[in-house]
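This report walks through one structure, chain by chain and then contact by contact. Please keep the sequence and the 3D view open while reading.

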Amino acid sequence: MSHRELDDMLGKGWRKPAFIKNAALRWALIIGFVAYLIAAFMTIDVDWGRVYEGLDRGWAFVLAFTSPDFVSRWSDIWSGLLESIVMTVAASVVGILISIPIGLGAARNIAPLPIYLICRAIVAISRALQEIIVAILLVAIFGFGPLAGFLTLSFATIGFLSKLLAEDIEAMDKVQAEAIKASGARWMQWINYGVQPQVMPRLVGLSMYRIDINFRESAILGLVGAGGIGATLNTAFDRYEYDTAAAILILIIGIVMALEYLSGIIRARVQ
Amino acid sequence: MLRLEKLTKTYKTGDQALKAIDLDVPKGQVLALIGPSGAGKSTMIRCINRLVEPTSGGVLLDDVDLTKLGSGALRKARREMGMIFQEYALVERLTVMENVLSGRLGYVGFWRSFLRRYPQSDVDEAFRLLDRVGLLHMADKRADELSGGQRQRVGICRALIQNPKLLLVDEPTASLDPKTSRQIMRLITELCQERGLAAIINIHDVALAQMFVPRVVGLRFGEIVYDGLPTGLTPDKLTEIYGEEDWEATIEKVEDEDVEAAE
Amino acid sequence: MPVLERDDAQVWRRRTTGQSLVRWFGWLLGVAVFVYCWQLISASTTWFFVWDAPRIANDIWTRATPPKWDYITQLGRPIWDTLNIATLGTIIALFMAVPVAFLAARNTTPSALFIRPIALLVIVSTRSINSLIWALLLIAIIGPGVFAGVIAIAIRSIGFCAKLLYEAIEEIDHGQVEAITATGASRWQIMAYGIVPQILPAFAGIAVFRWDINIRESTVLGLVGAGGIGLQLSASLNVLAWPQVSLILIVILIAVMISEWVSAKVRGAII
């Protein structure tokens, strides 16, 4: 029986079964994608002459990285950088503090339905609006300056952290939490003993990650007048001061690397 | 056919996994390598096909010293040695057929293998092998859909399609239940007989080794402490290999099981 | 701090006095830093505007509603451009990220001493800098337009994708690679059979995930002149055409939601 099957198969070629079984669908997807790519490429008009001219400037910029100019605009760089750091710190603290209750509220397994819905709505709004757009609106409302940036970053932090915190709480080990509940703990005690120890390491890790993101984002808020190093950077580009721009970018990269290193150490310690 | 000469492996940590091993494996002989974990069984097998670089000594396959080969010649030499792994080591996300055909990688060029255009003779051989181990109907299933025993059969096919002279088998049954373990061991020894292959089988289950192989080599702390017939494994010998334990019970139990299996 | 009292003399504390002191000092320092940051923000804020904010917010709201619906006819091309920036940028980034990831992963890098640090530097520097800043830079070099946007998104995504990908490569099951090596396969064959199948799902997930993020980012690239719907947003903001602004924001929100939905669907199908 099986040998007849074998005899049938011998001498016949073998092809790997396709990922998408339906041949028509497979080809439609492939052709559709290729057609889209062609259409997309066609609609980008690239001024190659302009690009060619730009190569020199691009090269000048690359060279600028070998001789960054920290000195001539140091006071601008310093005040911008300080403002970025200040906004990052303040917004991270406020954002993390607010996102904890909202995160608790957005976890279906510990929050009652009305609170759950409200908290999820806050998270959804915060995540759907990008930092830069929020910053534009807040600058329009509160005026130029780091306050708008601070509020923007706090708001974005809430959406990010609450969502991940809520997901973490929803995925936690029920048995541990139940054991604490069984001991007759009150709600706060229950959160403190049953939930907090389980999600704390991840919360610390995510907070560190968010501080990192907040700093990176603070570097662009200045483009719309919401304070930070972005304004200085924008000016440097406008004046074609590539060596100053390079200096600022190096500082940003350096600080991000330092933050990542720090968060690596902290995460390793809390686990 | 295979000769190990003063094969030594010292890890960077200073652990001496193999201490000047000398071993001769004639053509067509299946031998079991037993010993406690950490005795150097895995290291020895991997030193033979140089998945682990030996520190010193020689590995002679048909009088060619594998330790002196450059990377191209080593690849050719590896084709002569099929390997079967403890955790099957199938490429989980590829189909059974691709896994079997991957045994031919040493023979086909990159683009051919990349486009899965294997020569018809390879495809036929893969079909034959899958039929031999009873998995022909599974050819287009993904490897991670298979049970442990089935995966190990695919692993065996992958090793055999290389058309090797020698099988290196690393704990083939460690992840399997007792019944499947016996089936797999039987399959390996049968296939070796059919094809006249020599094999070195790492195995920690002494009973299983005694059931299926004509020669047992005992390894302890990187040294050979026993080399002979499976029947020669007396409690004293086992104590020498594994350390103090009540071996009488183990051996007797094995024989009981054997009777049961025979019924 | 939990304190448990037993009998008369036995007191159990979670931390020794020294540890407690260090912790309290840490908290104190944290609070001091936060207060300092807040004072800096406060000092550069015009509080008059802030007190006036509710009125201004209300004013903007009344001006922005209802959105100017018929303006949508002029948004077709910008939306198409935005989609292209995100998609083409992602594709280019993936092509660049794959080699970088293989060079950066500990188990595949040809040289851990020289090449790996370079690959890591590429990853961290492209990742640390926001796509808006890359866009600014590219506009200074090759002029404004969609092309600058595509490249900006591509550069920003390289580090992101390469980081996730090299982490996936480092987590592969070495046994499968070993098994392929044992068959006598060449270096490239080992890659194609032993490594690629293992990281393919991660790769697809990363691609879709990043595409989703890039849709968001490409909606605002126009603010600095790099094409897409952000150009219209910026133009409308400059002339204070609030009804147009609100329509654009709605369109952006919908686009973001659709892309998130698509990416969730595709990721669900892969995993």
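## Terms and conventions

Two residues are in contact if their C-beta atoms, placed from the backbone, lie within 7 Å. Helices (H or I, at least four residues) and strands (E, at least two) are DSSP runs, numbered from the N terminus.

The model is predicted: local features need pLDDT of at least 70, side-chain atom pairs count only at pLDDT 80 or more, and totals for chains, interfaces and linings use all residues. Residues are numbered from 1 along each chain as its sequence is written, while chains are lettered from A and ligands numbered from 1 in the order in which they are written.

## Chain A

Chain A has 11 helices and zero strands. Along the principal axes, the C-alpha atoms of chain A fill a box of roughly 85 × 70 × 35 Å.

Buried residues account for 41% of the 271 residues in chain A. A residue is buried if 20 or more other C-beta atoms lie within 10 Å of its own, exposed if 12 or fewer, and partly exposed in between; the C-beta atoms are placed from the backbone. Of the contacts in chain A with a separation of 6 or more, 72% involve residues 24 or more positions apart.

Look at helix α9 (residues 187–221) of chain A. A straight helix of 35 residues would span 51 Å at 1.5 Å a residue, but α9 of chain A spans only 40 Å between its end C-alpha atoms. The expected span is 1.5 Å times one less than the number of residues.

Where is the kink in α9(A)? A kink of about 60 degrees lies at Gln196(A), shortly before the proline Pro197(A). The bend at a residue is the angle between axes fitted to the seven residues ending there and the seven starting there.

## Chain B

Chain B holds 10 helices and 10 strands. Its radius of gyration is 19 Å, close to the 18 Å of the globule rule for 263 residues, so chain B is as compact as a globular protein of that length. The C-alpha trace of chain B spans about 55 × 50 × 35 Å along its principal axes. Buried residues make up 43% of chain B.

Chain B is assigned domain 1 (1–80 + 166–177 + 195–263) and domain 2 (90–163). Domain bounds come from an automatic or database domain assignment. The C-alpha centres of these two domains of chain B lie 26 Å apart.

## Chain C

Chain C has 10 helices and two strands. From the N terminus on, its elements run β-β-α-α-α-α-α-α-α-α-α-α. The radius of gyration of chain C is 26 Å, well over the 18 Å that the globule rule gives for 271 residues, so chain C is more spread out than a compact globule. Chain C is divided into domain 1 (3–64) and domain 2 (72–270). Their C-alpha centres lie 36 Å apart.

In helix α9 (residues 229–238) of chain C, the buried residues are Ile229(C), Gly230(C), Leu231(C), Gln232(C), Leu233(C) and Ser236(C). Their cover includes α3, α8 and α10 of chain C. After α9(C) comes Leu240(C), whose phi is positive, near 55 degrees.

## Where chain C meets chain A

Here, 44 residues of chain C are in contact with 43 residues of chain A. Which helix of chain C gives the most to the side that touches chain A? That is α5(C), with seven residues. The chain C side has 34 nonpolar, nine polar and one charged residues. Ala, Val, Leu, Ile, Met, Phe, Trp, Tyr, Cys and Pro count as nonpolar, Asp, Glu, Lys and Arg as charged, and the others, Gly among them, as polar.

## Where chain C meets chain B

This contact takes 19 residues from chain C and 21 residues from chain B. On the chain C side, α7 (174–182) and α8 of chain C are the elements that give two or more residues. α8(C) gives the most, with eight residues. By class, the side of chain C that touches chain B has nine nonpolar, nine polar and one charged residues.

Definitions and conventions: The radius of gyration is taken over C-alpha atoms; the globule rule is 2.2 Å times the number of residues to the power 0.38.
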